[in-house]
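Reader: Got a model open here. Can we walk through the packing?
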Amino acid sequence: MTTSEAPFTEESLKTIVVEQFEIPADRLAEDATLEALGLDSLGLLELLVAIEAQTHKEISTLDLPITPGMPYSEAARVVIQAVADAPVVGAGDLVPE
């Protein structure tokens, strides 16, 4: 499990996407768009909530400019940077899984 003390990596993101959305890891090709993987705008919000719950960090949607049409690899870079820059929040502030 990723915590606020462990770095959030591309592997961390892959684990969330595979487990949360039941997308096979081999479909996470660098050029596959999030939409092609089945992640529409609602799915992206669900992804954000899952990342926040796992990292104990609060990530504003304004700090996470990803869209369903964005390639997975580009979205991964944006997400990893947003998590690195996000403030840690108390466990009571998080949305339960």
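Reader: Leaving aside neighbours within four places in sequence, which residues is L13 in contact with?

Author: L13 is in contact with F8, L47, I51, Y72, A76 and V79. Contact means heavy atoms within 4.5 Å. One caveat: this is a predicted model, where local features need pLDDT of at least 70, side-chain atom pairs count only at pLDDT 80 or more, and totals for chains, interfaces and linings use all residues. Residues are numbered from 1 along each chain as its sequence is written, and side-chain values use heavy atoms, with hydrogens and water left out.

Reader: How many residues does the largest nonpolar core have?

Author: The largest nonpolar core has 27 residues. Such a core is a set of buried Ala, Val, Leu, Ile, Met, Phe, Trp, Tyr and Cys residues joined through side-chain atoms within 4.5 Å. Buried means under 20% relative accessible area, exposed over 50%, partly exposed in between (1.4 Å probe, protein chains only). L13, I51, I59, I66, Y72 and V79 have the most contacts inside this core.

Reader: Which helix gives the largest share of this core?

Author: α3, with six residues. α1, α2 and α3 (72–85) each supply at least two. Helices here are DSSP runs (H or I, at least four residues), numbered from the N terminus.

Reader: At what angle do the axes of α1 and α2 cross?

Author: Roughly 120 degrees, with the axes of α1 (residues 10–21) and α2 (residues 41–55) coming within 10 Å. That makes α1 oblique to α2. Angles under 35 degrees count as roughly parallel, over 145 as roughly antiparallel, 65 to 115 as roughly perpendicular and the rest as oblique. Axes are lines fitted to C-alpha atoms, for helices over the stretch in contact, and angles run from 0 to 180 degrees between N-to-C directions.

Reader: Which residues make the contact?

Author: L13, I16, V17, Q20 and F21 of α1 meet G43, E46, L47, A50, I51 and Q54 of α2.

Reader: New topic. Is L28 buried or exposed?

Author: Buried, at a relative accessible area of 9%. L28 sits in the loop between α1 and α2. Not counting residues up to four places away in sequence, L28 touches K14, V17, V18, I23, L37 and Y72.

Reader: How far apart are L28 and P71 in space?

Author: 9.5 Å, C-alpha to C-alpha, and 43 residues apart in sequence.

Reader: What about phi of E22?

Author: Near 55 degrees, a positive value in a residue other than glycine. E22 is in the loop between α1 and α2. E22 is exposed, with a relative accessible area of 70%.
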